[in-house]
Amino acid sequence: MAGMFETAQRLITASRRSDVAPFIVMDVMAAAARLEKQGRRIVHMEVGQPAAAAPSTAIAAARAALETARIAYTEALGIGSLRARIARHYGETYGIELDPARVVVTTGSSAGFLLAFLALFEPGDRVAIARPGYPPYRNILTALGCEPVLLEISAETRWSVTLDQLLAAHARAPLRGVLIASPANPTGTMLTARAVADLVTAAEAEGIPVISDEIYHGLDYAFPAETAARVSDRAVVINSFSKYFCMTGWRVGWMVVPPELVRPIERLQQNLAISVPTLSQIAAEAAFDARAELEAIKHGYEENRRILSEGLPKAGLDKFLPVDGAFYLYADISRFSNDSLAFANAMLEEAGVAATPGIDFDPVHGKHFLRFCYAGATDEIREAVRRIGKWLNR
Ligand SMILES: Cc1ncc(COP(=O)(O)O)c(C=O)c1O
């Protein structure tokens with residue numbers, strides 16, 4: 001028996017590819033939950049998700065479907081009427097015509113990355129992404145055996161990857177892909193329409209396919225966000241119902257893919273997932289009918305953004321990146337600390353405000369930064385500014 005157990009233990013060794021970095025924000029959430037259990041009231045600015053529930057139209061459509069529809073598998077690429085509705089969204093939002101045949105419904109944008117990376121890259125391929133950036137980009141690439149090439153962004157380039165950086169990395173060793181994001185997480189900064197056009201055009205001219213993470217589109221305050229789909233039919237666009245549409249837990253998103261990738265992605269999705277949760281697809285289609293409700297939520301974020309941008313400098317945090325879009329403010333805390341994890345823990349413990357240390361997003365300079373998510377209720381954001389001010393000036 002003992003021998004069998006030892007054999008079984010040797011049998012089960014986690015693969016090297018599964019050895020990806022944990023998401024530190026989850027640890028902050030757990031610490032906040034522990035304090036709440038002790039009766040403390042915590043202001044949550046750590047998790048990147050809307051406080052609002054799914055739009056009423058989405059919930060009503062899901063309710064009706066539960067009563068009347070058989071919740072069965074759908075086509076692997078998604079329900080036809082949802083794909084058509086998403087294509088129409090590109091006409092309404094960006095004024096571009098999009099063939100619904102190029103739209104793929106996914107299990108959140110997270111599954112979109114997996115499908116895009118599998119469809120485009122071989123193990124060993126070099127793929128450029130910005131640092132700081134959303135951690136799963138590099139972790140999914142690593143798990144697939146690809147090599148994330150981190151391009152450092154800074155104030156000098158207004159916190160965006162530049163053409164020169166991209167071409168320099170390509171000259172060092174060929175890149176097989178580049179991922180751009182605007183508005184971006186954790187920076188909250190955006191690429192201008194011109195920058196998107198220049199990056200996509202130049203990358204494609206060099207034979208580098210572009211993936212554009214547009215999950216925060218709709219949440220643009222500084223200027224309208226540009227889609228890579230306008231620039232090129234070859235760009236892979238990834239989007240989601242999680243953020244603007246307030247449907248994180250429904251796990252539904254979409255991709256716009258080049259015609260050549262539709263069938264390969266269909267085959268991958270058939271095998272990896274069969275299809276995306278049907279109830280979520282039905283709800284997502286109805287979410288497009290909640291424009292007024294969603295715009296009101298966006299106006300709430302705009303107010304939160306104003307309160308933070310004006311209040312944090314008075315509280316003592318006067319250095320942060322341009323707050324263009326999404327619902328993040330990335331603050332430089334180097335005046336106070338060079339250990340953002342310790343700073344975040346102390347702020348949580350002593351001020352009762354939870355935020356995410358920059359090391360989640362940037363292994364090099366993240367120790368100097370903290371990400372605040374302002375997708376919560378406006379009163380909570382006011383309270384956070386008050387608490388941070390009191391704490392830093394104690
Ligand atoms: C930049 C970015 N991309 C993608 C995602 C994944 O979202 P989902 O899988 O819910 O669509 C997130 C979530 O926080 C994000 O911040």
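Predicted model: local features only at pLDDT ≥ 70, side-chain atom pairs only at ≥ 80, totals over all residues.
Helices (H or I, at least four residues) and strands (E, at least two) are DSSP runs, numbered from the N terminus.

**Helix α3**

- Helix α3 covers residues 56-68, and its 13 residues should span 18 Å at 1.5 Å a residue; the end C-alpha atoms are 18 Å apart, which agrees. The expected span is 1.5 Å times one less than the number of residues.
- Ala58, Ala61, Ala62 and Ala65 of α3 are buried. Here buried means under 20% relative accessible area, exposed over 50%, and partly exposed in between (1.4 Å probe, protein chains only).
- The face of α3 turned away from the buried side carries the exposed residues Arg63, Glu67 and Thr68.
- Helix α11 (278-287) is included in what covers the buried residues of α3, where contact means heavy atoms within 4.5 Å.

**Helix α6**

- Helix α6 is mostly covered, with seven of its nine residues buried.
- Those buried residues are Pro135, Pro136, Tyr137, Arg138, Asn139, Ile140 and Leu141.
- Their cover includes α5 (108-120), β3, β4 (147-152), β5 and β6 (210-213).
- After α6 comes Gly145, whose phi is positive, near 85°.

**Around helix α11**

- Gln281 lies in helix α11 and counts as buried because its relative accessibility is 0%.
- A polar atom of the Gln281 side chain lies 2.9 Å from the backbone oxygen of Val276. A polar contact is a pair of N or O atoms within 3.5 Å; within protein, one must be able to donate a hydrogen and the other to accept it, and residues adjacent in sequence count only if both atoms are side-chain atoms.
- Not counting residues up to four places away in sequence, Gln281 touches Thr74, Gly78, Ile79, Leu82, Val105 and Val276.
- Ser275 has its place in the loop between α10 (259-272) and α11, and at 11% relative accessibility Ser275 counts as buried.
- The side chain of Ser275 reaches the backbone nitrogen of Thr74 at 3.2 Å.

**Nonpolar cores**

- The largest nonpolar core has 89 residues, and those with the most contacts inside it are Tyr90, Phe241, Met347 and Phe372. Such a core is a set of buried Ala, Val, Leu, Ile, Met, Phe, Trp, Tyr and Cys residues joined through side-chain atoms within 4.5 Å.
- A second, separate core of 24 residues includes Leu179, Met255, Val257 and Ile265.

**A three-stranded sheet**

- An open sheet of three strands has the order β9-β12-β11, with antiparallel pairing.
- Its edge strands are β9 (328-332) and β11 (356-357), each pairing on one side only.
- Two bridges join β11 to β12 (residues 369-373); two strands pair if DSSP finds at least two bridges between them.
- Pro357 stands opposite Leu370 in β12.

- As background, most residues other than glycine have a negative phi, and most peptide bonds are trans.
- A cis peptide bond joins Ser182 and Pro183, with omega about -10°.
- Another cis peptide bond joins Arg131 and Pro132, with omega about 5°; Pro132 is found in the loop between β3 (126-131) and α6 (135-143).
- Arg251 is not a glycine, yet has a positive phi of about 55°; at 31% relative accessibility, Arg251 counts as partly exposed.
- Ala326 is not a glycine either, and has a positive phi of about 60°. Ala326 lies in the loop between α12 (291-315) and β9, and at 0% relative accessibility counts as buried.

Note on methods: Residues numbered from 1 in each chain as written. Heavy atoms only, no water.
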